[in-house]
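Hi,

Here's the structure I promised to pass on.

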Amino acid sequence: MRAIPSSVPALVTGASSGIGEEMARQLAARGHGLTLVARRAGKLETLADELRSAHRVAVEVLPADLETAKGRLAVARRLRSRAPWLLVNNAGFATRGRLGELEASRERAEVQVNVVALHELTLAALPGLLAAGAGGILNVASTAALQPVPYMATYGGTKAFVLHFTEALAEEVRGSGVRAMALAPGPVRTEFGEVAGVEDYMDLARAMPVQRCVRVALRALDRGTVICTPGALNQVLAQGPRLAPRVAVRKVTAAIFQPR
Ligand SMILES: NC(=O)c1ccc[n+]([C@@H]2O[C@H](COP(=O)([O-])OP(=O)(O)OC[C@H]3O[C@@H](n4cnc5c(N)ncnc54)[C@H](OP(=O)(O)O)[C@@H]3O)[C@@H](O)[C@H]2O)c1
């Protein structure tokens, strides 16, 4: 399989920091035009200016809150306005704590951003991609998708959806010219740890530099990989939940994420 040509523009959600920002940088360096989506418009504008002058690519800023139907609709409308795209559904966040004690509205928002937005944007982009027989969808899951995650129950559940949904889609579109890939990273150094309150785990797990995570992901996308987990150690650890008894997996994960 060949790389998606740089004539195909990319729409990246969560481009204001971390993995999404680095995706935007590396895609611009490859010559892709970009549409950058997140809530922090100022950060998107600064990044857009930098990428336009460094790589001479067209960069559009589309500020949107993907927690809201209005925000999701604005991005879906943009996706329907042309085809094909490389859609990078990356925006997402995690919460940590006992589910019964966490703020219900924040848990709901987590599902809206991590699942509902990703689902709606995929549905918006897919018909155009299939008609063009080109382009792709890169959905950011996590190694948290591979097992239940006590004390991050909502997060683990949302990422399990992303992984299974994307894997199913990849099989459906096989041979159509369209590709779908789930990126399932282990810990990566971004704002994620601070937002989720899991800095202790990030230190323990030796979080990977974001540049490396994205480089490996884009190479895997070029090859038509369906699930990409950057890093040899992460790939080994990802086998644990498949091989160990489910009850042991739950207990180990609970011990790691139990609030101190
Ligand atoms: N870092 C890790 O260890 C790790 C590991 C596995 C998977 N992941 C996944 O990787 C993805 C990116 O996370 P990251 O590590 O890069 O974290 P990050 O640095 O915190 O970036 C998260 C991005 O999501 C955007 N976002 C959050 N809520 C949003 C909303 N309501 N509407 C629109 N955009 C929103 C943020 O932008 P604004 O705040 O400007 O809206 C930001 O650009 C997430 O899906 C995460 O679950 C991360």
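The biggest contributor to the shell around the ligand is α1, which puts in three residues. That helix covers 18–29, and α6 (192–196) also supplies at least two residues of the shell. Keep in mind that this is a predicted model. There are 28 residues around the ligand, and Gly14, Gly18, Arg39, Gly92 and Phe192 come nearest. By type, the shell splits into 14 nonpolar, nine polar and five charged residues.

Now the sheet. It's open, has seven strands in the order β3-β2-β1-β4-β5-β6-β7, and the pairing is parallel. The edges are β3 and β7 (227–228); each has a single partner strand, so one side of each has no neighbour in the sheet.

Going through some of the pairings: β1 (residues 10–13) and β2 run parallel and are joined by four bridges, with valine 12 partnered by leucine 36 in β2. Between β2 (residues 34–38) and β3 (residues 59–63), also a parallel pair, there are five bridges. To get from β2 to β3 the chain passes through helix α2 (residues 41–55), and this β-α-β crossover is right-handed.

On to the packing. The largest nonpolar core has 73 residues, and those touching the most other members are Val12, Ala24, Leu34, Leu36, Leu87, Ala125 and Leu183. Helix α4 (residues 104–132) provides the largest share of this core, eight residues. Alanine 24 is a handy place to start: leaving aside residues up to four places away in sequence, alanine 24 touches Val12, Ala15, Leu34, Leu36, Leu47 and Leu51. As background, nonpolar side chains tend to be buried together in soluble globular proteins.

- Alanine 83 and proline 84 are joined by a cis peptide bond, with omega about -5°. Proline 84 sits in the loop between α3 (69–80) and β4 (86–89).
- Arginine 56 has a positive phi, near 55°, without being a glycine. Arginine 56 lies in the loop between α2 and β3 and is exposed, with 9 other C-beta atoms within 10 Å.
- Tyrosine 151 also has a positive phi, near 75°, and isn't a glycine either. Tyrosine 151 belongs to the loop between β5 (136–140) and α5 (153–173). Buried or exposed, this tyrosine 151? Buried, because it has 20 C-beta neighbours inside 10 Å.

Cheers

How values were computed: Residues are numbered from 1 along each chain as its sequence is written. This is a predicted model: local features need pLDDT of at least 70, side-chain atom pairs count only at pLDDT 80 or more; totals for chains, interfaces and linings use all residues. A residue is near a molecule or strand if its C-beta atom, placed from the backbone, lies within 6 Å of it. Ala, Val, Leu, Ile, Met, Phe, Trp, Tyr, Cys and Pro count as nonpolar, Asp, Glu, Lys and Arg as charged, and the others, Gly among them, as polar. Two strands pair if DSSP finds at least two bridges between them. A crossover is right-handed if, with the strands pointing away from the viewer, the path from the first strand over the helix to the second runs clockwise. A nonpolar core is a set of buried Ala, Val, Leu, Ile, Met, Phe, Trp, Tyr and Cys residues joined through C-beta atoms within 7 Å. A residue is buried if 20 or more other C-beta atoms lie within 10 Å of its own, exposed if 12 or fewer, and partly exposed in between; C-beta atoms are placed from the backbone. Two residues are in contact if their C-beta atoms, placed from the backbone, lie within 7 Å.
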